[in-house]
Amino acid sequence: MKKINTVKAHREFDRIIRHGHAIKSPHFAVYHVPSSLEHARIGISVGKKNGIAVKRVRIKRQVRAMIAKADLLPLKVDAIVVVRPSYDPDQYPGLEEELLLSLTRMKETIH
């Protein structure tokens with residue numbers, strides 16, 4: 001993901017989570033709000049309960065790869081993907097399917 005396609009500021013994370021629609025699954029929560037920009041912006045939240053820093057970075061890399069497959073960039077949306085502590089990086093294929101299903105549900109609610 002390019003820099004213009006990421007949500008970085010803490011206040012933006014709070015705004016999206018507080019005012020956004022939620023799509024929840026066992027390992028993820030995806031919050032989204034419509035955006036006035038011509039492209040999507042996505043943020044990833046991995047808390048300390050997910051493990052040490054090395055594990056959290058690995059999880060973020062995996063989630064970025066999953067998001068790239070979902071082709072969200074043409075949408076006009078701001079989204080936050082919250083990774084729950086039950087996420088296991090060694091179970092990548094099943095978790096990828098779960099997140100892609102959640103992102104597809106998000107796309108359907110936008111249109």
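1. **The β1–β2 pairing.** K24 has A29 as its bridge partner in β2. I23 is bridged to V30 of β2. Four bridges in total join β1 to β2 (residues 28–34), and the two strands run antiparallel. They form a hairpin with three residues between them. Strands here are DSSP runs (E, at least two residues), helices are DSSP runs too (H or I, at least four), and both are numbered from the N terminus. Two strands count as paired if DSSP finds at least two bridges between them.

2. **Basis of the model.** This is a predicted model: local features need pLDDT of at least 70, side-chain atom pairs count only at pLDDT 80 or more, and totals for chains, interfaces and linings use all residues. Residues are numbered from 1 along each chain as its sequence is written, and side-chain values use heavy atoms, with hydrogens and water left out.

3. **The sheet.** Four strands make an open sheet in the order β1-β2-β4-β3, with mixed pairing. β1 (21–24) and β3 (41–46) are the edge strands; each has a single partner strand, so one side of each lacks a neighbour in the sheet. On average, neighbouring strands are turned by 20° against each other, direction ignored. Axes are lines fitted to C-alpha atoms, for helices over the stretch in contact, and angles run from 0 to 180 degrees between N-to-C directions.

4. **β2 in the sheet.** β2 also pairs with β4, in the antiparallel sense, over seven bridges. V30 stands opposite V81 in β4. Six of the seven residues of β2 are buried. Buried means under 20% relative accessible area, exposed over 50%, and partly exposed in between (1.4 Å probe, protein chains only). As background, side chains in a regular strand alternate between the two faces of the sheet.

5. **Helices on the sheet.** Which helix lies across β1, β2 and β4? That is α3 (residues 92–110), running at about 25° to β2. Helix α1 (residues 10–19) packs on the sheet as well, touching β1, β2, β3 and β4 (77–83). The direction of α1 makes about 90° with that of β4. Contact means heavy atoms within 4.5 Å.

6. **Helix α3.** α3 has 19 residues and reaches 27 Å from its first C-alpha to its last, close to the 27 Å expected at 1.5 Å a residue. The expected span is 1.5 Å times one less than the number of residues. L95, E96, E98, L99, S102, L103 and M106 are buried in α3. Seen down the axis, these buried residues fall within an arc of 165°, so they line one face of the helix. The arc is taken over the directions from the helix axis to the C-beta atoms. The cover over the buried residues includes β1, β2, α2 and β4. P93, E97, L101 and E108 are exposed, on the face turned away from the buried side.

7. **Salt bridge R15–D78.** The structure holds six salt bridges. The criterion is a side-chain nitrogen of Lys or Arg within 4 Å of a carboxyl oxygen of Asp or Glu. R15 and D78 meet at 3.2 Å, N to O. The pair links distant parts of the chain: R15 is in α1, D78 in β4, 63 residues apart. D78 counts as buried, at 4% relative accessibility. R15, at 34%, counts as partly exposed. Both belong to a network of salt bridges that links E12, R15, R41 and D78.

8. **Salt bridge K69–E96.** The side chains of K69 and E96 meet at 2.7 Å, N to O. K69 lies in α2 and E96 in α3, so the pair ties together parts that are 27 residues apart in sequence. Is each end buried or exposed? K69 counts as exposed, at 56% relative accessibility. E96 is buried, at 12%.

9. **Salt bridge K76–E38.** These side chains meet at 3.5 Å, N to O. K76 sits in the loop between α2 and β4, E38 in the loop between β2 and β3, 38 residues apart. K76 counts as partly exposed, at 43% relative accessibility. E38 is exposed, with 58%.

10. **Q62.** This residue is found in helix α2 (residues 53–70). Q62 counts as buried, at 12% relative accessibility. Leaving aside residues up to four places away in sequence, Q62 touches Y87, P89 and Y92.
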